[in-house]
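This briefing goes through one model by topic, beginning with a single residue and widening to the whole chain. Please keep the sequence and the coordinates at hand while reading.

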Amino acid sequence: MKNCLIAPLIVVIIGILELGNAHAQTNAIRFHALVLAERGGQHEAFVAAALPWLNKIAQQDHFSVDVFETPDQFTKPFLAKYQVFIQLNYPPYRWSDEAKAAFQDYIEQGRGGWVGLHHATLLGEFDGYPMWPWFSDFMGGIRFKNYIAKRASGTVIVEDAVHPCFTGLPAQFVIDEEEWYTYDKDPRPNIHVLARVDESSYAPPSDIKMGDHPVIWTNEKMKARNIYFQMGHHPSLLQNTNYTTMLRNAILWAAGQNGGDARVNQMKGTTK
């Protein structure tokens, strides 16, 4: 009689343990994200809104977030702990030579993925710091030229709808309150454009234009999964569902969690 009772009990216990293991696996950390955040100045409001949003999606999508306000401690072994590097408006200057070398290795050797926002293309001589030529080449050989200081809304037109960052997005969408950077030349010949802004849609209208104006792109020459978003100035962006969906998709893609490796191989014409 006792044996008859024990057998079903064992089955129940095993079932409970399996459910517990499945729950633990579901909530396990999938990857680790490094966030280099630019604090203070005119981008503080956007960064202050973006950080809690990042923490929210990190909890939702089961990844960790470590935030740094300078790249001072970045070395090759340090960056090796992270599967994705999010450059949250931090500009391409004020980096030590060691941090530059570590980041360059991280991108060129595909140690992890990269998502850059807005101020990451403030390329030139600023605040007494020289131009970082490698980073300029990474971004398509550009140098910052001008921007719409008073800000304007603009319609973003998707050019590569099959890229995972546009999953769930329409073919075009409006971004409000953006500065819309211009550069000394069009980066298109040197990078793969994912989306552009329609300059005729600016409201209010502006004479600060590029003609062909890419605003989201990736550099396929690098081994790292990488994507740059020019939009990232005003905190209202974190209330724009199209923007947040796109940014979340991009983080997962860059970390190899959303069609990442397969997409990169497809774009580079290689297979594993």
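Q87 is buried, with a relative accessible area of 0%, where buried means under 20% relative accessible area, exposed means over 50% and partly exposed lies in between, computed with a 1.4 Å probe on protein chains only. The model is predicted, so local features need a pLDDT of at least 70 and side-chain atom pairs count only at pLDDT 80 or more, while totals for chains, interfaces and linings use all residues. Residues are numbered from 1 along each chain as its sequence is written, and side-chain values use heavy atoms, with hydrogens and water left out.

**Surroundings of Q87**

- Q87 is found in strand β3; helices (H or I, at least four residues) and strands (E, at least two) are DSSP runs, numbered from the N terminus.
- Once neighbours within four places in sequence are left aside, Q87 is in contact with L36, P92, W95, F103, W114, V115, G116, L117, A120 and F135, a contact being heavy atoms within 4.5 Å.

**Helix α2**

- Helix α2, residues 44-61, has 18 residues and reaches 25 Å from its first C-alpha to its last, close to the 26 Å expected at 1.5 Å a residue, where the expected span is 1.5 Å times one less than the number of residues.
- The buried residues of α2 are F46, V47, A50, L51, W53, L54, I57, A58 and D61, and they pack against β1 (31-37), β2 (63-68), β3 (84-88), β4 (113-117) and α6 (241-254).
- An α-helix has 3.6 residues a turn, so residues three or four places apart point the same way.
- After α2 comes H62, whose phi is positive, near 65°.

**Aromatic rings and charges**

- A search of the whole structure finds 34 aromatic pairs, with rings of Phe, Tyr and Trp (its six-membered ring) pairing if their centres lie within 6.5 Å, and with planes under 30 degrees apart counted as stacked, over 60 as edge-to-face and the rest as tilted.
- One of them is the tilted pair of F78 and Y82, at 5.9 Å centre to centre and 50° between the planes; F78 is buried at a relative accessible area of 12%, and Y82 counts as buried at 5%.
- The rings of F126 and F144 have centres 6.1 Å apart and planes at 65°, so this pair is edge-to-face.
- The pair links distant parts of the chain, 18 residues apart, with F126 in the loop between β4 and α5 (133-138) and F144 in strand β5, residues 144-147.
- F126 is partly exposed at a relative accessible area of 22%, whereas F144, at 16%, counts as buried.
- R94 lies over the face of Y90, at 4.9 Å from the ring centre, and K100 lies over the face of W132, at 5.3 Å from the ring centre; the criterion is NZ of Lys or CZ of Arg within 6 Å of the ring centre and within 35 degrees of the ring normal.

**Backbone geometry**

- A cis peptide bond with omega of about 0° joins A203 and P204, and P204 is placed in the loop between β9 (192-203) and β10 (214-218).
- D127, in the loop between β4 and α5, has a positive phi near 55° although it is not a glycine, and it counts as exposed at 58% relative accessibility.
- W180, in the loop between β7 (172-178) and β8 (181-183), also has a positive phi, of about 50°, without being a glycine, but W180 counts as buried at 0% relative accessibility.

**Whole chain and confidence**

- The secondary structure comes to seven helices and 11 strands, and buried residues make up 51% of the 272 residues.
- Among contacts between residues at least 6 apart in sequence, 74% join residues at least 24 apart.
- The protein averages a pLDDT of 89, and 85% of the residues score at least 70, pLDDT being the predictor's confidence in each residue, from 0 to 100.
- Over residues 7-25 the pLDDT is below 50, and beyond near neighbours in sequence this stretch has zero contacts in the model.
- Over residues 260-272 the pLDDT is likewise below 50, but that stretch has 20 contacts beyond near neighbours in sequence.
- Where pLDDT is low, the predicted coordinates should not be read in detail.
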